[in-house]
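Q: Please take a close look at one side chain in the model shown below, and then set it in its wider context.
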Amino acid sequence: MENINYTPKDILQKEFRQKMRGYDPNDVDSFLDNIIKDYETFNKQFQELSDENERLKVQVDELNKQLAVAGNQQMPSAGTGNSTVSRPTASQPMSSATNMDILKRLSNLERRVFGSQLDSGSNESHRL
């Protein structure tokens, strides 16, 4: 709570000098009483929000730790038969399209190189 000039106690104890045509002291006191109530309410809300913020920071730290532990458990261990399903990434659809393209090109190349031998064979499962 930096940059706060007055506490509720400071406002309550403030004395003003009276001048001949000054303000009504009862009006000023009443107004300052209302300011003190608001000030105390703001302090209470500030403290509650600060506490909640701290609690949420601790919760985020705990969840990040749990996420890190869960991420480490999903990684396959060397030498064990355990495997995990990989998460889909944006590059996987590209790689499958690229693999299909490579297979088509390979098939076309085989036809050109081994054309007569492949066409006379009985197994045509290699063609796309």
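What relative accessibility does E52 have, and as what does E52 count on that basis?

A: E52 counts as partly exposed because its relative accessibility is 36%; buried means under 20% relative accessible area, exposed over 50%, and partly exposed in between, with a 1.4 Å probe and protein chains only. The model is predicted, so local features need pLDDT of at least 70 and side-chain atom pairs pLDDT 80 or more, whereas totals for chains, interfaces and linings use all residues. Residues are numbered from 1 along each chain as its sequence is written, and side-chain values use heavy atoms, without hydrogens or water.

The side chain of E52 forms a salt bridge with that of R55, at 4.0 Å from N to O. The term denotes a side-chain nitrogen of Lys or Arg within 4 Å of a carboxyl oxygen of Asp or Glu. Side chains of opposite charge can pair when their charged atoms come close. R55 is likewise partly exposed, with a relative accessible area of 47%. Both E52 and R55 belong to helix α2 and are three residues apart, about one turn of the helix. The whole structure contains one salt bridge.

The protein chain has three helices and zero strands, in the order α-α-α along the sequence. Helices (H or I, at least four residues) and strands (E, at least two) are DSSP runs, numbered from the N terminus. Of the 128 residues of the protein chain, 5% count as buried. Its accessible surface is about 12100 Å², 53% of which belongs to carbon and sulfur atoms; the areas come from the Shrake-Rupley method with a 1.4 Å probe, and for residues only the protein chains shown count as cover. Contacts are heavy atoms within 4.5 Å. Among those in the protein chain between residues at least 6 apart in sequence, 42% join residues at least 24 apart.
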